[in-house]
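Subject: Structure handover

Hello,

Here is the structure for you to look over. My notes follow below it.

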Amino acid sequence: MEELGFYSRSIGRGRRVDSVFIGGGTPTILDAEDIYRILEAARANFAVEPNAEITIESNPATLTPEKLDRYRKAGINRISMGVQSMDDSLLAFMGRAHTAQEVLDSYRLIKEAGFTNINLDVMFGVPGQTLEMWQETVRQVLELEPNHLSFYSLELAEGTQLYRQVTEEGLKETPTELDRQMYHYLLAQMKGHGYEQYEISNGALPGYSCRHNLKYWNLDEYLGIGASAHSYVNHVRWANQGDIFRYIEGVQTPPDRKALTTQAVDWIHHNSLADDMTDYAFTALRKNRGLDKEDFAKRFGMDFWQVFHGERPAFEGFLAEGKAAEEGQSIRITGKGMDMANQIISLFVGIDGEE
C-alpha cells in the first residue's frame with residue numbers, strides 16, 4: 001500500500017490504468033480481503049478504468065467459492081491458473097502441490113463463480129515427459145475450453161532442485177527435437193480448436209488476447225509493486241529487491257520526495273534512445289503480427305532499417321529461407337522460423353543507435 005502511494009505521488013495520481021495483474025507466485029493463498037484491499041489501494045492511487053482487465057494468478061486447490069465470489073465483487077474479471085500438466089506423476093516430479101483432478105475441480109469452481117475469461121498455463125519439455133503425456137495434457141486442457149492458453153518450455157533455473165538433478169545427478173534434459181515436437185503439436189491443436197497464437201508463448205480465442213501481456217510486447221509502460229517486481233515508466237527500467245525482508249525495509253524507509261523510486265529498488269536503468277529502439281524491436285518480434293515499421297517511425301522519428309541497417313543482410317538471409325517475412329509495414333517471424341525465434345530476435349539486440 002505504501003509503495004502504491006509513493007508512486008502515485010512520484011509518477012502521477014491521474015495516470016490511467018487499463019490492466020492490473022496480481023501475480024508473482026500464488027496470491028490466492030492470501031485472504032480474499034487482502035486482495036480486496038490491494039485493489040482498493042490501486043483505485044485510490046491511480047485512475048483504474050471501469051473496464052480494466054484485472055487478473056489474478058492462482059494454483060489449483062487454492063480457490064474456494066467464497067474467495068472467487070469476493071474476487072468478482074472486488075472487480076477481478078480474469079483468472080489465470082497454473083496447470084502445468086495433467087499427469088500426476090509429472091506434477092509430483094515438478095514439486096507441484098496439486099493433482100490433475102484438482103485442476104478439473106478448480107476450473108469448475110471458477111466457471112460456476114461466473115468468470116468468463118480464464119487462462120491456463122501449461123509446461124512442456126520437462127525431463128521425463130513423453131510426447132504421449134504432453135498430448136494427453138493438451139487434450140484435457142483444450143476440452144475445458146479456456147479463453148486463453150500460456151505455454152512454456154521448461155527452463156532450468158540455477159539453484160533449483162531440478163537444476164541440481166540435471167547438472168549433478170545425471171538427469172537427462174528433454175531433447176531439443178522432442179521439445180519442438182511438443183510445441184508444434186500444441187500449436188496445431190490450438191488452431192484446430194479456434195485459438196489464435198498471438199505471441200510465441202500465448203494463444204487465445206478471438207477477443208481474449210491478454211491486454212496485460214501485450215503491454216510488455218508493445219513496449220508500453222507498466223508499474224510493478226512488491227518484492228522482485230519490475231517496472232518500465234518514462235523510459236526508465238527498475239526492479240525491486242528480491243529478498244522480502246530487504247524489500248519491506250526499503251518500502252518503510254522514508255523516501256526522498258523528489259526520487260523516482262523507493263529504497264526497495266534493487267537496480268535502476270535509464271534507457272537511452274538506442275535502448276528503447278532495441279527493446280521495441282525484440283519485444284515486437286515475439287508477436288505473431290510482428291513489428292510495425294510505421295509505428296516504429298512514429299515513436300522514434302527514424303526509419304527502422306535506417307537504425308538497423310547493419311542487421312539487414314543477416315535478416316534477409318532469414319527472409320530467403322522463409323523463416324521471416326517483410327510485407328508492407330510488417331516485419332515478422334513466420335511459423336517456419338518460430339524454432340529460431342531467439343536467433344532472429346537477437347539480431348536487433350545491442351545496436352548503438354548510430355547510423
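Met1, Ile29, Leu30 and Ile38 make a nonpolar surface patch of about 370 Å². Patch residues have over 30% relative accessible area and no salt bridge; like charges are joined within 9 Å, nonpolar side chains (Val, Leu, Ile, Met, Phe, Trp, Tyr) within 5 Å. Areas come from the Shrake-Rupley method with a 1.4 Å probe; for residues, only the protein chains shown count as cover. Met1 sits in the segment before helix H1 (2-11). Helices (H or I, at least four residues) and strands (E, at least two) are DSSP runs, numbered from the N terminus.

A note on the basis. This is a predicted model: local features need pLDDT of at least 70, side-chain atom pairs count only at pLDDT 80 or more, and totals for chains, interfaces and linings use all residues. Residues are numbered from 1 along each chain as its sequence is written, and side-chain values use heavy atoms, with hydrogens and water left out.

Next, the salt bridges (a side-chain nitrogen of Lys or Arg within 4 Å of a carboxyl oxygen of Asp or Glu). The structure has 21 of them. One joins Glu49 to Arg16, with the closest N and O atoms 2.4 Å apart. This pair links distant parts of the chain: Glu49 is in strand S2 (residues 47-58) and Arg16 in strand S1 (residues 16-22), 33 residues apart.

Now the helix pairs. Axes are lines fitted to C-alpha atoms, for helices over the stretch in contact; angles run from 0 to 180 degrees between N-to-C directions. Contact means heavy atoms within 4.5 Å.

H2 (residues 32-45) and H3 (residues 65-74) have axes that come within 9 Å and cross at roughly 10°. H2 is therefore roughly parallel to H3 (angles under 35 degrees; over 145 is roughly antiparallel, 65 to 115 roughly perpendicular, the rest oblique). Their contact includes Tyr36 and Leu39 of H2 and Arg70 and Tyr71 of H3.

For H6 (residues 131-144) and H8 (residues 176-192), the axes come within 10 Å and cross at roughly 25°. These two are therefore also roughly parallel to each other. Among the residues that meet are Trp134 and Val138 in H6, and Met182 and Tyr185 in H8.

H11 (residues 273-284) and H12 (residues 293-300) have axes that come within 11 Å and cross at roughly 160°. That makes H11 roughly antiparallel to H12.

Best regards
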